[in-house]
Amino acid sequence: MNDNNNALNNTLTQEEKNNLRYQIVEYAKMFIGNPYVYGGTSLTNGTDCSGFTMGIYGAFGYRLPRVAVSQGYMGIPISESELLPGDLVVYYYGHVGIYAGGGMMVHAGTPETGIVYAPVFAGNKSYRRIIY
């Protein structure tokens, strides 16, 4: 999967990468309010957190593994101070979202909240850049 993503990254200029990150966040926001379904991968009918990030990135040709913990090994690691919109926020207990900028992220939260735009919340986490 990283080979596929690296190949895509190598075809883009820095400006195109910046634009693509913005497009990913805007695309992710289109699904706010849709349902959370454990094990789901449908952006419209129900998805869990990793199915959400997998589907969003997949729409742009990038491949991510099915589970959040595995997504935490994709791309390159970055620090919190390096976060850009479109980066992944990966929680060690098995949750993942897409950083949207300004301390916010888009993620498939819970069955009660569905897909939401919300502050990045506390917890042990790492950050991964898929488009670099």
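This is a predicted model: local features need pLDDT of at least 70, side-chain atom pairs count only at pLDDT 80 or more; totals for chains, interfaces and linings use all residues.
Colleague: Let's start with the overall fold. In what order do the elements of the chain run from the N terminus on?

Modeller: Happy to walk you through it! The chain has 4 helices and 8 strands. Reading from the N terminus, the order is α-α-β-β-α-α-β-β-β-β-β-β.

Colleague: And how compact is the chain for its 132 residues?

Modeller: Along its principal axes, the C-alpha trace spans about 40 × 30 × 25 Å. The globule rule gives 14 Å for 132 residues, and the radius of gyration is close to that value, so the chain is as compact as a globular protein of that length. The radius of gyration itself is 13 Å.

Colleague: What share of the contacts with a separation of 6 or more comes from residues 24 or more positions apart?

Modeller: This one tells us about parts of the chain that meet despite their distance in sequence. One example is glycine 114 and proline 35, 79 residues apart in sequence but 4.3 Å apart in space, C-alpha to C-alpha. Among contacts with a separation of 6 or more, the share from residues 24 or more positions apart is 58%.

Colleague: Let's stay with glycine 114. Is it buried or exposed?

Modeller: First, find glycine 114 in the loop between strand 6 (104-108) and strand 7. Not counting residues up to four places away in sequence, glycine 114 touches Asn34, Pro35, Tyr36, His107, Ala108 and Gly109. Its relative accessible area is 4%, and buried means under 20%, so glycine 114 is buried.

Colleague: Now the aromatic rings. How are the planes of tyrosine 57 and tyrosine 62 arranged?

Modeller: There are 5 aromatic pairs in the model, and this is one of them. The two ring centres are 6.1 Å apart, with 85° between the planes.

Colleague: Which residue pairs with tyrosine 91, in a stacked arrangement?

Modeller: Look for a partner in a distant part of the chain, 30 residues apart from tyrosine 91. Tyrosine 91 is in strand 4 (residues 88-91), while its partner sits in the loop between strand 7 (115-119) and strand 8 (125-129). The rings are 4.4 Å apart, centre to centre, with 10° between the planes, and the partner is phenylalanine 121.

Colleague: Of that pair, which residue is partly exposed?

Modeller: Tyrosine 91 has a relative accessible area of 1%, so it is buried. At 28% relative accessibility, the partly exposed one is phenylalanine 121.

Notes: Residues are numbered from 1 along each chain as its sequence is written. Side-chain values use heavy atoms; hydrogens and water are left out. Rings of Phe, Tyr and Trp (its six-membered ring) pair if their centres lie within 6.5 Å; planes under 30 degrees apart count as stacked, over 60 as edge-to-face and the rest as tilted. Helices (H or I, at least four residues) and strands (E, at least two) are DSSP runs, numbered from the N terminus. Buried means under 20% relative accessible area, exposed over 50%, partly exposed in between (1.4 Å probe, protein chains only). Contact means heavy atoms within 4.5 Å. The radius of gyration is taken over C-alpha atoms; the globule rule is 2.2 Å times the number of residues to the power 0.38.
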